[in-house]
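This briefing goes through the features of one predicted model, grouped by topic for reading alongside the sequence and the coordinates.

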Amino acid sequence: MGKLTLTTFLTLDGVMQAPGGPEEDRTGGFEYGGWVAPYADEGMVEFVTEVFDRVGAFLLGRRTYEIFAGYWPRHDDPADPIASRLNRMPKYVASSTLKEPAWAGTTVIDGEQLQSEIVRIKDALDGELQVHGSGALAQWLLARDLVDELNLLVFPVFLGTGRRLFPTGGLPTACELTGSRTTASGTAIHTYRVKGRASFGTIGE
């Protein structure tokens with residue numbers, strides 16, 4: 001049985017929108033796309049490569065899928081651990097509007113069967129069913145307790161605006177830290193295993 005993991009780039013104030021470039025996602029008038037670029041270093045690439053080494057299949061939201069599909073098939077290097085896996089491993093897209101995906105190895109899952117299909121796919125894997133970015137999908141998965149593990153790469157910048165991973169109204173959830181490191185550029189990388197509902201009390205009692 002596999003597990004569903006979520007890997008996300010975040011600012012200090014929790015923004016996950018458009019980390020890769022200015023034109024990646026301007027939804028809501030967002031003007032700060034590309035905020036990861038000044039901090040991308042060997043430590044970040046090393047960790048991401050380790051994550052991709054564990055993949056059994058990818059689960060992506062429509063927007064992230066289109067960004068990936070527009071880039072990775074044109075940069076297909078079999079020796080690149082990221083490109084080779086994205087281009088050759090199974091990819092599932094959560095979408096009710098995408099009908100004929102051109103990227104090889106892609107299967108579309110619509111909203112009516114999404115939850116049951118995700119569970120079925122994950123249970124059939126030996127590796128990880130990996131979600132990268134995919135903000136709306138990530139929030140949907142978290143709201144249904146479908147995420148087993150989170151890889152959060154927190155970059156030393158805050159923006160004050162933009163789509164956040166953890167919105168107001170999300171489920172109070174407890175996690176266990178299973179790994180932590182810091183890159184040379186100051187990016188803090190934390191891996192958390194989801195444990196269930198958060199508990200509460202009074203300090204000292």
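**Aromatic and charge–ring contacts**

- The count of aromatic pairs in the model comes to six; one of them joins phenylalanine 9 and phenylalanine 155 in an edge-to-face arrangement, at 5.4 Å centre to centre and with 65° between the planes.
- This pair connects distant parts of the chain, since phenylalanine 9 belongs to strand β1 (residues 3–10) while phenylalanine 155 lies in the loop between β6 (149–154) and β7 (173–182), 146 residues apart.
- Through ring pairs, Phe9 and Phe155 are linked with Trp35 into a cluster.
- A contact of another kind involves tryptophan 103, over whose ring the charged end of lysine 91 sits, 4.6 Å from the ring centre.

**Strand pairing**

- Strand β1 has six of its eight residues buried, so it is largely enclosed by the rest of the structure.
- β1 runs parallel to β5 and is joined to it by five bridges, with leucine 4 standing opposite leucine 129 of β5; β1 also runs parallel to β6, to which six bridges join it, and here leucine 6 has leucine 150 as its bridge partner.
- β6 in turn pairs with β8 in the antiparallel sense over six bridges, and the bridge partner of leucine 152 in β8 is histidine 190.
- β8 pairs with β7 as well, again in the antiparallel sense, over nine bridges, where arginine 181 has isoleucine 189 of β8 as its bridge partner.
- The hairpin of β7 and β8 has five residues between the strands, and within this hairpin glycine 186 takes a positive phi near 95°.

**The largest pocket**

- The largest pocket has a volume of about 1,100 Å³ and is lined by 38 residues, of which Pro19, Glu24, Thr64, Ile67 and Phe68 lie nearest its centre.
- At least two lining residues are supplied by each of β1, α1 (42–52), α2 (62–71), α3 (81–88) and α5 (135–143), and α2 gives the most, with seven residues.
- By class, this lining is made up of 21 nonpolar, twelve polar and five charged residues.

**The second largest pocket**

- The second largest pocket, with a volume of about 340 Å³, is lined by 18 residues, and those that lie nearest its centre are Leu142, Phe166, Gly170, Leu171 and Thr173.
- α5, β6, β7 and β8 (188–197) each contribute at least two residues to this lining, and α5 provides the largest share, three residues.
- The lining of the second largest pocket divides into 14 nonpolar residues, three polar and one charged.

- Serine 134, a residue other than glycine, has a positive phi near 55°; serine 134 lies in the loop between β5 (128–132) and α5 and is buried, with a relative accessible area of 6%.
- Aspartate 145 likewise has a positive phi near 55° in a residue other than glycine, and its place is in the loop between α5 and β6.
- Aspartate 145 has a relative accessibility of 44% and therefore counts as partly exposed, in contrast to the buried serine 134.

Note on methods. Residues numbered from 1 in each chain as written. Predicted model: local features only at pLDDT ≥ 70, side-chain atom pairs only at ≥ 80, totals over all residues. Heavy atoms only, no water. Phe/Tyr/Trp six-rings, centres within 6.5 Å; stacked < 30°, edge-to-face > 60°. Helix = DSSP H or I, 4+ residues; strand = E, 2+ residues; numbered from the N terminus. Lys NZ or Arg CZ within 6 Å of the ring centre and 35° of its normal. 1 Å grid on protein atoms, 1.4 Å probe; cavity = no way out; pocket = protein on both sides within 12 Å on 5 of 7 lines; lining within 4 Å. Points joined across faces, edges and corners; volume = space filled by probe spheres on them. Nonpolar A, V, L, I, M, F, W, Y, C, P; charged D, E, K, R; others polar. Buried < 20%, exposed > 50% of the residue type's maximum accessible area, 1.4 Å probe, protein only. Pairing = 2+ DSSP bridges.
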